[in-house]
Amino acid sequence: MVSTLDQIFVLLKHWLVGLLPSVLQPAAGVLLSVVAIVCVFPALFALTVLLERKGLGRMQNRLGPNRVGPFGILQPIADAIKSLTKEDIVPLRADALIHFLAPLVLVVAVFLEFAVVPMGRNMVLVDMDASLLFFFSIGASTELSVFMAGWSSRNKYSLMGAMRAVAQMISYEVPLLMSSVAVVMITGSLSLVKIVEAQNQYTYGLPHWNIFTPWGCAGFVMFAIAATAETNRSPFDLPEGESELVAGYFTEYSGFKFALFFLGEYLGMFSISGLGTALFLGGWSAPFSFLWWVPSWIWFFGKVMLSICVLIWVRGTLPRLRQDQLMNFAWKFVLPMTLLNLVDVALWRFLGEGWLRWVVCSAVMLVAYVAAALTGLRRDHIGPRSYRYAE
Amino acid sequence: MNLVFYVLAGLTVLGGLAAVLLKNTVHCALALTVAFAGLALLFLELDAQFAGFAQILVYIGAVAILVVFAILLTRGSETPEDGVFSHTWLAGLAVAAAVFAVLGWAVIQSAPALTHESAAPVVTVNQIGNALLGRYVLPLEIVALLLTAALVGAVIVAMHEKEETK
C-alpha cells in the first residue's frame, strides 16, 4: 500500500501507456511525462502567485487580493483571463520577430530544466549521466532571451534592464556552479538522481543530507544567494526595479507575452529550488527515517514550496541592493567563499570517516566567515557612493 | 545519416549563413547563436553529452553574450551607411573556399586511416573527468593559469583609467 502510494504516478503512467499499441509506447511515455510537467508547474505557479500576494500583503500590513472568490483564492483565474484577453501591443520601432521570440525562448528553456530534476523515487523525465551540466547549460541560455527582450523593444529602460540582468546572471552563475561542484566532488557523479540517492541514508534516524555537513551548510547559503540573484528575485531585483526602470527588460510587453515572462520567472524559481533541494536538501528523501512511509513526491514538493516561501519572506524583508553592491558582493564575497568551500569539501573527503573531519571542516568555515564578517562590516568600508563616470 | 542529422545540419548552415549575410549586427550575433546551438545538438546527436552541453554552456551562455555586449558597448547596432560588406569580399570568399577545401580534403583522406569499430565507443562524463584530472592534468592546469593571467590582465587594463582621472 505504502509503496503503491509512493509510486502512484509512475504506476498510473505505466497503466495509461499499456493501453496503447507497443509501437507507440516509448513516445507516449515521454509525452505523458512532459504533459504532466507542463500542467503541474503552471498550476503551482498560479498557487504561488496567490500565496506571494497574500503573504506580501500581510507583511506590508494590508490584506492582499480578497475580492475574487472566498479570501481571493480565485484571483489567479481572474489574472489568467485578463492576460489572455488583453491587447498584445508591439512598439512600432520594435524588432517584431525577436520581440515575439524572446518570451518563447525563455519559457521553453525554463521548462527544459525540469527534465532532469528528480521529483520523487523513479520520477524523473530523463536520467542522464550529465544532468547537472544539462541544467546549467540550459539555465545559461535563458540569459540570451532576456537580452533579446530588452534589445528588441527599442526602449532605453528595457535595454538597461536587460544589460543589468545579463551582467547579474553571469556574475552569479559562477558562485552557483562553484557551490554545486562541492556536492559533485562528494558524490562523484553529475547525475541528480545519484546525488539524491547518495543522501538517502540514515544514521540514528537522521538523514545524510548535504546541508547537515559544515561545507554543505555554508555551500547551501551561498547557493541560495546565487539562486536568488539568478532568478532576479528581491533583494537582487535590480533588472526590473520598478522605481528605476519601469519593469526592466519586459517593459514593452503586454497581454499574454507579459504573462509568459511572469511564468518564466516563477518556473525558474521552481526549477532552481528543485535543484537546490536535490543537491543539498536530500531531494525526495524523508527528514527522519521513521517518516519513510510518506510518499517521496510529497517531500520533494514540500521542500520546493518551503524554499519558495523563504524566497517570498526574503522579498518582503530586504531592501533592494545597489548595482555596485551587487557586483562587489558577487565577486568579493560569494565567489571567494565558494572557492574556500571547495577546499573544505576536499578536506572532508580525504580526512575520512570520524569526528576529526567534523572539527577541522567546521573550524575552517567558522574562522573564514567570522574573519569575513569582522573585516567586511568595519564602518570605514561603508561610506557615500563614489561615481566614476557620472560626475 | 538520418533525418535528424539533415535537419540539424541545415539549421547550423542556415545560422552560419545568416550570421554572415544579415545587415543588423545584433541579428548576426543571434544567428551565430543559432549556429552554435545547431552544433551543440549535432554533438548530442552523436551521443557526446559532455561536448554538447559544454558547447551550450560556453558558446551560448558566454561567448554569444560576450559578442552581444561587445556590439552594444562599442558602436551600437545601427547599420553603417556604406553597407556591411567589405570591398574585398571576393578575396575573402576565395580564402574561405580554400580553407574549406583543405579541411574537407584532410577529413576525406583521414577516413580510411581510422580503425573500423563495430560499435561506437561509450564515453561517460565520469571518464572524461578522470582523464582531465589524471592523465591530462598538466595541460589543464597550464590552461587554467593562462586564463587566470588573462583575467587579471583584463582587470588591470580596465582599472588603468581610474588612476589617470584622479
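The model is predicted, so local features are given only at pLDDT of at least 70 and side-chain atom pairs only at pLDDT 80 or more, while totals for chains, interfaces and linings use all residues. Residues are numbered from 1 along each chain as its sequence is written, and chains are lettered from A and ligands numbered from 1 in the order in which they are written.

Chain B has 6 helices and 0 strands, where helices (H or I, at least four residues) and strands (E, at least two) are DSSP runs numbered from the N terminus. Read from the N terminus, the order of elements in chain B is α-α-α-α-α-α. Of the 166 residues in chain B, 16% are buried. A residue is called buried if 20 or more other C-beta atoms lie within 10 Å of its own, exposed if 12 or fewer do, and partly exposed in between, with C-beta atoms placed from the backbone. Two residues are in contact if their C-beta atoms, placed from the backbone, lie within 7 Å. Among the contacts in chain B with a separation of 6 or more, 53% join residues 24 or more positions apart.

Two leucines show how the helices of chain B meet. Leu8(B) belongs to helix α1 (residues 3-21) of chain B. Leu8(B) has 19 other C-beta atoms within 10 Å and is therefore partly exposed. Not counting residues up to four places away in sequence, Leu8(B) touches Gly38(B), Leu41(B), Leu42(B) and Glu45(B). Gln127(B) is 119 residues from Leu8(B) in sequence, and their C-alpha atoms are 27 Å apart. Leu32(B) sits in helix α2 of chain B. Leu32(B) is buried because 22 other C-beta atoms lie within 10 Å. Apart from neighbours within four places in sequence, the contacts of Leu32(B) are Gly15(B), Ala19(B), Ala64(B) and Val67(B).

Helix α4 (residues 89-110) of chain B has 22 residues, which should span 32 Å at 1.5 Å a residue, and the 31 Å between its end C-alpha atoms agrees with this. The expected span is 1.5 Å times one less than the number of residues. α4(B) is hardly covered, with 0 buried residues among its 22.

The next topic is the contact between the chains. Here 16 residues of chain B are in contact with 19 residues of chain A. On the side of chain B that touches chain A, α2 (25-45) and α3 (49-74) of chain B each supply at least two residues. The most comes from α3(B), with 10 residues. By class, this side of chain B has 11 nonpolar, 4 polar and 1 charged residues. Ala, Val, Leu, Ile, Met, Phe, Trp, Tyr, Cys and Pro count as nonpolar, Asp, Glu, Lys and Arg as charged, and the others, Gly among them, as polar.

In chain A, helix α7 (residues 156-187) packs with helix α9 (residues 214-230) at an angle of about 155 degrees, their axes 8 Å apart. That angle makes α7(A) roughly antiparallel to α9(A). Residues in this contact include Tyr172(A) and Leu176(A) of α7(A), and Trp215(A) and Phe223(A) of α9(A). The contact of α7(A) with α9(A) holds 11 nonpolar, 4 polar and 2 charged residues. Axes are lines fitted to C-alpha atoms, for helices over the stretch in contact, and angles between N-to-C directions run from 0 to 180 degrees. Angles under 35 degrees count as roughly parallel, over 145 as roughly antiparallel, 65 to 115 as roughly perpendicular and the rest as oblique.

Most residues other than glycine have a negative phi. Phe71(A), in the loop between α3 (25-59) and α4 (75-85) of chain A, has a positive phi of about 55 degrees although it is not a glycine. Phe71(A) is partly exposed, with 13 other C-beta atoms within 10 Å. Asn232(A), in the loop between α9 and α10 (242-245) of chain A, has a positive phi near 55 degrees. Asn232(A) counts as buried, with 24 C-beta neighbours inside 10 Å.

Helix α11 (residues 255-279) of chain A is mostly covered, with 18 of its 25 residues buried. Lys257(A) is part of α11(A). Lys257(A) has 22 C-beta neighbours inside 10 Å and so counts as buried. Leaving aside neighbours within four places in sequence, Lys257(A) is in contact with Asp88(A) and Pro103(A). Lys257(A) and Ser83(A) are 174 residues apart in sequence, with their C-alpha atoms 8.5 Å apart in space.
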